[in-house]
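I opened the model today and kept notes as I went. Entries follow in the order I looked things up.

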Amino acid sequence: MKIIATVALAAAALAGQLVTTAAASAAVPGRTAVFANSAGDSTASKTARAFCPSGTVVVGGGAALQALGSDSVKFRTVTPFRSVVDGRYGYTVIAEELRPFASNWSVAARAICAPAPAGYEIRSVTVAGSSVTPKTAAATCSPGRKALAPGGTVRGSNQVTLRGAVVNNARDGAFAIGDEVVAGFSGTWDMIATVVCANQPTGYAVVENQVASNGQPDSAVQVTCPPGTTVHGTGGLIIPSTAGDTHLYSFTSVEPNLVLIRAHRSTPTQNGTWQLRAQATCAA
């Protein structure tokens with residue numbers, strides 16, 4: 001059983017969802033970090049949603065598994081959103097067990113919020129359901145806008161996992177990739193890519209770092225924004241040698257300028273390696 005340290009997200013999981021707000025270090029006026037924890041119990045699926053304060057929109061965020069279960073719990077959703085119920089903005093994480101896991105566990109979501117920058121929008125694209133694996137969904141900003149934060153969701157079965165979501169090379173959109181946890185799953189599933197966009201902010205940069213797992217069951221990678229900028233969007237991606245062999249369990253940023261991505265082997269008997277990429281979208 002793997003025990004992890006929680007970095008940058010709320011401390012202990014509570015019996016219900018806990019939301020806290022803290023001023024974030026940034027040059028963006030009103031920029032705020034909001035945290036939310038799921039329940040901490042042994043149910044097989046959990047959701048945490050961090051909602052932005054009134055008068056602000058989501059410009060980034062992240063998610064992490066709390067305490068136990070990195071070898072048995074995977075992400076299904078890590079994404080910024082706007083509620084269709086009340087129009088509020090925030091960041092959500094949905095995680096679920098990929099195999100029976102008796103211990104208590106929880107997840108935490110982190111939303112980075114600010115007054116809406118010029119040209120602000122959230123765009124999403126859904127790839128139709130099928131049994132094809134892996135799947136890629138891509139969302140593109142309106143002309144002239146830049147991508148601030150990516151998001152991704154897989155839907156349909158606990159036998160599929162989110163491999164990651166990143167801003168694209170043109171910096172005008174984002175894509176997300178999903179995969180089967182175990183090769184040979186024949187069910188139908190779909191996926192969604194989401195991107196937060198705005199007019200290019202001052203100091204805009206997208207930086208990346210990538211490492212190899214080198215045969216280890218767990219891997220981590222981090223990347224830091226250029227001097228004078230802070231992190232807005234979190235991106236991460238597993239590039240596996242064996243389909244479905246690896247899943248994400250940390251997809252988060254650390255104030256003021258760092259992104260941390262962690263992944264774990266899904267199938268204990270596998271010995272394949274993978275590449276793990278961390279991506280930070282930064283601005284002054």
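Which residue is the bridge partner of Phe51 in β6? I looked it up: Gly90 is the partner. I note here that the model is predicted.

**Sheet**

I then traced the strands around that bridge. β3 and β6 (residues 89-97) pair in the antiparallel sense, over 7 bridges. They belong to an open sheet of 6 strands, paired antiparallel, and I read the order as β3-β6-β5-β10-β13-β8. β3 (45-51) and β8 (121-130) are the edge strands; each has a single partner strand, so one side of each lacks a neighbour in the sheet.

**Largest pocket**

Next I checked the largest pocket. I got about 240 Å³ of space. I found 15 lining residues, and Arg49, Thr77, Thr79, Phe81 and Thr92 lie nearest the centre. The elements giving two or more residues to the lining are β3, β5 (73-82), β6, β10 (146-155) and β13 (189-198). β5 gives the largest share, 5 residues.

**Thr229**

Last, I went to Thr229, in the loop between β15 (218-224) and β16 (230-240). Is Thr229 buried or exposed? I found 11% relative accessibility; the cut-off for buried is under 20%, so Thr229 counts as buried. A polar atom of the Thr229 side chain lies 2.7 Å from the backbone oxygen of Pro226. I set aside neighbours within four places in sequence and listed the contacts of Thr229: Gly203, Asn257, Cys282, Ala283 and Ala284.

Key
Residues numbered from 1 in each chain as written. Predicted model: local features only at pLDDT ≥ 70, side-chain atom pairs only at ≥ 80, totals over all residues. Heavy atoms only, no water. Helix = DSSP H or I, 4+ residues; strand = E, 2+ residues; numbered from the N terminus. Buried < 20%, exposed > 50% of the residue type's maximum accessible area, 1.4 Å probe, protein only. Polar contact = N/O pair within 3.5 Å; in protein donor to acceptor, adjacent residues only side chain to side chain. Contact = heavy atoms within 4.5 Å. Pairing = 2+ DSSP bridges. 1 Å grid on protein atoms, 1.4 Å probe; cavity = no way out; pocket = protein on both sides within 12 Å on 5 of 7 lines; lining within 4 Å. Points joined across faces, edges and corners; volume = space filled by probe spheres on them.
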